[in-house]
Amino acid sequence: SPLPVARVLESLLQRHGLAKKMVQYTTFEIWNEIVGPTIAKQTVPQKIRGDILFITVKNNAWAQELSFMKSHILKKLNEHLQDANLQDIKFTVGRP
């Protein structure tokens, strides 16, 4: 029987090392939806390395506030991204 298109695409993405790039792209695309507009204005997702998401935040106050919300944000991201399995978020102060 023919394979479902989704399974074929998933196999191709993984074979060519693109699956992780798709997770990163999707994470960046849904960031605003996950954290809401107020936090989104103060933050920018930068990269995913392994199972860690790196976020640039506007200042130390926001970095501290977001560190308290980290587990909630991770849970929401992982619920939306079945293949992500992110384990941590690192917040660094910079210019979002």
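1. Lys70 is partly exposed, with a relative accessible area of 24%. The classes used here are buried for under 20% relative accessible area, exposed for over 50%, and partly exposed in between, computed with a 1.4 Å probe on protein chains only. The side chain of Lys70 meets that of Asp88 in a salt bridge, at 3.1 Å from N to O. This pair links distant parts of the chain, as Lys70 lies in helix α4 and Asp88 in strand β3, 18 residues apart. A salt bridge is a side-chain nitrogen of Lys or Arg within 4 Å of a carboxyl oxygen of Asp or Glu.

2. The model is predicted; local features need pLDDT of at least 70 and side-chain atom pairs count only at pLDDT 80 or more, while totals for chains, interfaces and linings use all residues. Residues are numbered from 1 along each chain as its sequence is written, and side-chain values use heavy atoms, with hydrogens and water left out.

3. Asp88 counts as buried, at 18% relative accessibility. Asp88 also forms a salt bridge with Lys90, at 3.2 Å from N to O. Lys90 is partly exposed, at 36% relative accessibility.

4. How many salt bridges does the structure hold? There are three. One of them joins the side chains of Lys75 and Glu79, at 3.5 Å from N to O. Lys75 and Glu79 are four residues apart in helix α4, so about one helical turn separates them. Lys75 is exposed, at 53% relative accessibility.

5. The protein chain has four helices and three strands, and from the N terminus on its elements run α-α-α-β-β-α-β. Helices (H or I, at least four residues) and strands (E, at least two) are DSSP runs, numbered from the N terminus.

6. The three strands form an open sheet in the order β1-β2-β3, with mixed pairing. β1 (43-49) and β3 (88-93) stand at the edges, each with a single partner strand, so one side of each has no neighbour in the sheet. Neighbouring strands of this sheet are turned by 25 degrees against each other on average, direction ignored. Two strands are taken as paired if DSSP finds at least two bridges between them.

7. β1 and β2 pair in the antiparallel sense over six bridges. Thr43 has Val57 as its bridge partner in β2, and Lys47 has Phe54. The hairpin of β1 and β2 has two residues between the strands, and Gly50 there takes a positive phi near 65 degrees.

8. Strand β2 (residues 52-57) runs parallel to β3, and six bridges join the two. Thr56 stands opposite Thr92 in β3, and the bridge partner of Val57 in β3 is Val93.

9. Helix α4 (residues 60-80) packs on the sheet and touches β1, β2 and β3; its direction makes about 160 degrees with that of β3. Axes are lines fitted to C-alpha atoms, for helices over the stretch in contact, and angles run from 0 to 180 degrees between N-to-C directions. β2, α4 and β3 make a right-handed β-α-β unit. Right-handed means that, with the strands pointing away from the viewer, the path from the first strand over the helix to the second runs clockwise.

10. Of the 96 residues in the protein chain, buried ones make up 30%. Among contacts (heavy atoms within 4.5 Å) between residues at least 6 apart in sequence, 57% join residues at least 24 apart. The accessible surface of the protein chain comes to about 6700 Å², and 53% of it belongs to carbon and sulfur atoms. Accessible areas come from the Shrake-Rupley method with a 1.4 Å probe; for residues, only the protein chains shown count as cover.
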